[in-house]
Amino acid sequence: MAYKRILLKLSGEALMGERQYGIDPKRLAEYAEEIKKITDKGIEVAIVIGGGNIFRGVSGASNGMDRVQGDYMGMLATVINGLALQSALEDQGIITRLLTAIKMEQVAEPFIKRRAVRHLEKGRVVIFGGGTGNPYFTTDTAAVLRAIEIGADAILKGTRVDGIYTSDPEKDKDATKFESITYKDVMNRGLKVMDMTAFALSQENNLPIVVFDMNTKGNLEKLISGENIGTLVDK
Ligand code: UDP
């Protein structure tokens, strides 16, 4: 196996499937099945899920809402997604724990690093909800932060595109894909892998990032087994 402990980052928008808003139960079940394939192989899996399918602080602010207020709404949205994912994973027979950056003890455990690591060691899938717990951050930053804290081997960013391209492949037909790329090259070429805060944090801590297409069945498993899936960013 290429990795022993991973942090899987899923965007909230990915959960919408074909919908315009909210959660598509079919997509959620598919993701749970994909995750089951790697937990069956003994991979320790932690997950950070976004909230963009429900609420984003920035879009609230553009409609006149207080940014901080909007960001807290976004963080709560990630907890809603986390609960949905937890339920879908449990349907697959996977033991899970949801840990939140903002305390809500009737709903989930508070995030405590040692506890998170212990859950992983015991083979439980750990879902981190509530982002970093601070406004003005994103769940990409939360994903990098948690990955470093728990000593993950890499952050696997599941998207609908199958890697990092020279330009946006959905707009430019001549765009070509990188098999791997250095942090420096990503910066020099101005490529958008994650937001700047998240990217800088991962570079500073030499946390490898893999961008891959999570919507193609079997990809996550192949990636874990060391196949050349997506684009690897490291030093
Ligand atoms: N958010 C925040 N602090 C964090 C993480 C998230 O304030 O540490 C808020 C922010 O408003 C963000 C929203 O939660 O827009 C949803 O997260 P994100 O946009 O990262 O979700 P994704 O794009 O992955 O679906």
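**Reading contacts, burial and helix packing**

Author: Let us begin with Tyr165, which touches Ala175, Thr176 and Lys177 when residues up to four places away in sequence are left out. Two residues are in contact if their C-beta atoms, placed from the backbone, lie within 7 Å. This is a predicted model, where local features need pLDDT of at least 70 and side-chain atom pairs count only at pLDDT 80 or more, while totals for chains, interfaces and linings use all residues. Residues are numbered from 1 along each chain as its sequence is written.

Reader: Where does Tyr165 lie?

Author: Tyr165 is in the loop between β6 (154–159) and β7 (180–182), and Asp168 lies in the loop between β6 and β7 too. Helices (H or I, at least four residues) and strands (E, at least two) are DSSP runs, numbered from the N terminus.

Reader: How do I read whether a residue is buried or exposed?

Author: Count the other C-beta atoms within 10 Å of its own: 20 or more is buried, 12 or fewer is exposed, and in between is partly exposed. Tyr165 has 18 such neighbours, so Tyr165 counts as partly exposed. Asp168 counts as exposed because it has 11. Gly12 has 22 and is therefore buried.

Reader: Which residues does Gly12 touch?

Author: Gly12 is found in the loop between β1 (5–10) and α1 (25–39). Not counting residues up to four places away in sequence, its contacts include Ile49, Gly52, Ala77 and Asn81.

Reader: Which residues does the UniProt annotation "binding site" cover?

Author: According to the unreviewed UniProt entry, they are Lys9, Leu10, Ser11, Gly12, Gly52, Arg56, Thr159, Tyr165 and Asp168. They are spread over 160 residues of sequence and also in space, up to 25.9 Å between C-alpha atoms. Such annotations may be inferred rather than shown by experiment; the positions are given in the numbering used here, with feature names shortened.

Reader: At what angle do helices α5 and α7 pack?

Author: Axes are lines fitted to C-alpha atoms, for helices over the stretch in contact, and angles run from 0 to 180 degrees between N-to-C directions. Helix α5 (residues 139–150) and helix α7 (residues 196–204) pack at about 15 degrees, with axes 8 Å apart. α5 and α7 are therefore roughly parallel to each other (angles under 35 degrees count as roughly parallel).

Reader: Which residues meet there?

Author: Asp140, Thr141, Val144 and Leu145 in α5 meet Thr197, Ala198, Leu201 and Ser202 in α7.

Key: Angles under 35 degrees count as roughly parallel, over 145 as roughly antiparallel, 65 to 115 as roughly perpendicular and the rest as oblique.
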